[in-house]
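Subject: Structure for your review

Dear colleague,

Please find the structure below, followed by an account of what was found in it. I would be grateful if you would read the two side by side.

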Amino acid sequence: MEKIDLIFDGSREPLEEELLDYMDNPGRKLWEGINDFIQEKYKTSPKMAYSKCSGKPGWNRKYKKSGKSLCTLYPEKDGFVALIVILQDSLPVVEAMYPDFEKEVVDVITSAQPFNGTFWLMVPVKNSRALENVKDLLLLKHNPEKYSKR
């Protein structure tokens with residue numbers, strides 16, 4: 001009998017340790033890095049969800065802040081994919097960041113099609129530079145300092 005992949009088995013939510021065991025290094029370190037960053041910076045906890053969406057099916061981790069989506073993380077064996085929705089109005093700022101971005105990240109941004117004034121970016125994170133790019137996009141989308149002074 002063929003073993004069901006942990007990420008695609010919708011019959012039960014994987015435990016954190018199972019997710020970490022599923023991932024290879026450096027993917028595991030990248031996953032821990034983004035989750036630690038989001039939880040520390042934004043003081044929010046994730047919610048696991050199972051998606052049957054054909055674009056990226058399987059278990060994912062959703063983060064929200066102030067009732068709005070911050071990002072969704074899709075674990076993979078060798079890293080993860082971060083779904084970040086940015087406003088079309090912020091594109092000039094994002095374009096100015098291109099020199100610091102991985103080529104693959106720039107490719108995702110430049111190939112994204114606008115949808116209702118937003119860009120839905122599915123950013124693959126396989127190395128530390130791409131991880132930093134995702135952090136920069138999150139900080140641009142939702143600056144935590146702006147809300148901590150209230």
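**Cysteines**

The count of disulfides comes to 0, a disulfide being a pair of cysteine sulfur atoms within 2.5 Å. The model is a predicted one, in which local features need a pLDDT of at least 70 and side-chain atom pairs count only at pLDDT 80 or more, while totals for chains, interfaces and linings use all residues. Residues are numbered from 1 along each chain as its sequence is written, and side-chain values use heavy atoms, with hydrogens and water left out.

Cys71 is buried at 1% relative accessibility, whereas Cys53 is partly exposed at 44%. Here buried means under 20% relative accessible area, exposed over 50%, and partly exposed in between (1.4 Å probe, protein chains only).

**Confidence**

The pLDDT, the predictor's confidence in each residue from 0 to 100, averages 92 over the protein chain, and 94% of the residues score at least 70. Confidence is highest in helix H4 (residues 103-111), at a mean of 98, and lowest in helix H6 (residues 144-148), at 61. Helices (H or I, at least four residues) and strands (E, at least two) are DSSP runs, numbered from the N terminus. Where pLDDT is low, the predicted coordinates should not be read in detail.

**Aromatic rings**

There are 4 aromatic pairs. Rings of Phe, Tyr and Trp (its six-membered ring) pair if their centres lie within 6.5 Å; planes under 30 degrees apart count as stacked, over 60 as edge-to-face and the rest as tilted. Among them is the edge-to-face pair of Phe37 and Tyr42, at 6.4 Å centre to centre and 75° between the planes. Phe37 is buried, at 12% relative accessible area, and Tyr42 is buried too, at 1%.

Tyr50 and Trp59 also form a pair, with centres 5.2 Å apart and planes at 65°, so this pair is edge-to-face. Tyr50 is partly exposed at 32%, while Trp59 is buried at 7%.

The charged end of Lys77 sits over the ring of Tyr22, 4.8 Å from its centre; this requires NZ of Lys or CZ of Arg within 6 Å of the ring centre and within 35 degrees of the ring normal.

**Asn35**

Asn35 lies in helix H2 (residues 27-42) and is buried, with a relative accessible area of 4%. Leaving aside residues up to four places away in sequence, Asn35 touches Arg61, Tyr63 and Leu73, contact meaning heavy atoms within 4.5 Å.

Yours sincerely
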